[in-house]
Amino acid sequence: MKLLHIDASILGDHSVSRQVSSAIVDRLRKETPELDVIYRDLSLAPLSHLSGGHLAAAQGASPEAPALQQDMAASQAALDEFLAADIVVIGAPMYNFTIPTQLKAWIDRILVAGKTFQYGPQGVEGLAGNKRVIIAISRGGLYGAGMPSETAEHVETYLRTVFAFIGITNPEIIVAEGIQIGPEQREKALAGALQAATSLRAA
């Protein structure tokens, strides 16, 4: 069984989403020691954003420029990692109400027609529904249900939409929020998220 672990935070060891995503992976490894884990750090090794040249090459044009050839190879590698994974664990912090740009670049490489979704007579059909996706979200403020800022939350809602589009309709989501309100709230939020990670079902 293969697990793909993705981190997107730019905060290194200070990142809450990284701590929680790591705890999720540790939990699954403990229960399934033979789990094959691939780690991709989108902050240390970011994918470039999509360009016109990339889209043209994806539609059959020859990627003649060396930089574009490298970009296409990196794109294919990211897609292959995702397709091969049985479980995907993602650390997703909220930056300015949405996901980090590095995570968006990765998502653009895995939402590929004919690979993870297809269009048919009934509309879009997801092709990746056999995967388990677990997302560790960190938020500086309070954006949960009933909060005054609820409508400004565009991380969980966006990621649920993205994964539902490719057939993963029930991602498991752990949220640590209010981590910028103060040290006490940060500790409380992190402790709760880590506890939730240890309670996940086995791989």
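Me: Contact means heavy atoms within 4.5 Å. By that rule, which residues does Trp106 touch?

Reply: Leave out residues up to four places away in sequence. Trp106 then touches Leu4, Ile6, Arg40, Leu42, Leu47, Ala78, Phe82, Val88, Ile90 and Phe163. Two cautions on the model. It is predicted: local features need pLDDT of at least 70, side-chain atom pairs count only at pLDDT 80 or more, and totals for chains, interfaces and linings use all residues. Residues are numbered from 1 along each chain as its sequence is written, and side-chain values use heavy atoms, with hydrogens and water left out.

Me: How do I read a nonpolar core, and which residues of the largest one touch the most other members?

Reply: Start with burial. Buried means under 20% relative accessible area, exposed over 50%, and partly exposed in between (1.4 Å probe, protein chains only). A nonpolar core is a set of buried Ala, Val, Leu, Ile, Met, Phe, Trp, Tyr and Cys residues joined through side-chain atoms within 4.5 Å. The largest core here has 31 residues. Phe82, Ile90, Leu103, Trp106, Ile135, Leu159 and Phe163 touch the most other members.

Me: Which elements each supply at least two residues of this core?

Reply: Helices (H or I, at least four residues) and strands (E, at least two) are DSSP runs, numbered from the N terminus. The elements are β1 (2-7), α3 (66-84), β3 (87-93), α4 (101-110), β6 (132-139) and α5 (156-165). The largest share, 5 residues, comes from α4. Apart from this core lies another, of 20 residues, among them Ala23, Ile24, Val25 and Ala189.

Me: How are two packed helices described?

Reply: By the angle between their axes and the distance between the axes. Axes are lines fitted to C-alpha atoms, for helices over the stretch in contact, and angles run from 0 to 180 degrees between N-to-C directions. Take α4 and α5: the angle is about 15°, and the axes are 11 Å apart. The two are therefore roughly parallel to each other. Angles under 35 degrees count as roughly parallel, over 145 as roughly antiparallel, 65 to 115 as roughly perpendicular and the rest as oblique.

Me: Is the crossing of α4 and α5 left-handed or right-handed?

Reply: Left-handed. That label applies if the near helix is turned anticlockwise from the far one by less than a right angle; clockwise is right-handed. Leu103, Lys104, Trp106, Ile107 and Ile110 of α4 meet Tyr158, Leu159, Val162 and Phe163 of α5. By class, this contact has 8 nonpolar, no polar and 1 charged residues. Ala, Val, Leu, Ile, Met, Phe, Trp, Tyr, Cys and Pro count as nonpolar, Asp, Glu, Lys and Arg as charged, and the others, Gly among them, as polar.

Me: At what angle do α1 and α6 pack?

Reply: About 20°, with the axes of α1 (residues 16-31) and α6 (residues 183-198) 8 Å apart. That makes α1 roughly parallel to α6. The crossing is right-handed.

Me: Is Gly91 buried or exposed?

Reply: Gly91 counts as buried, at 0% relative accessibility. Gly91 lies in strand β3. Beyond four places away in sequence, Gly91 touches Ile6, Asp7, Ala8, Ser17, Ser21 and Ala136.

Me: Where are Ser138 and His54?

Reply: Ser138 is in strand β6 and is buried, at 7%. Its contacts include Val16, Ser17 and Ala92. His54 sits in helix α2 (residues 52-58). His54 is buried too, with a relative accessible area of 6%. Among the residues that His54 touches are Asp71 and Arg109.
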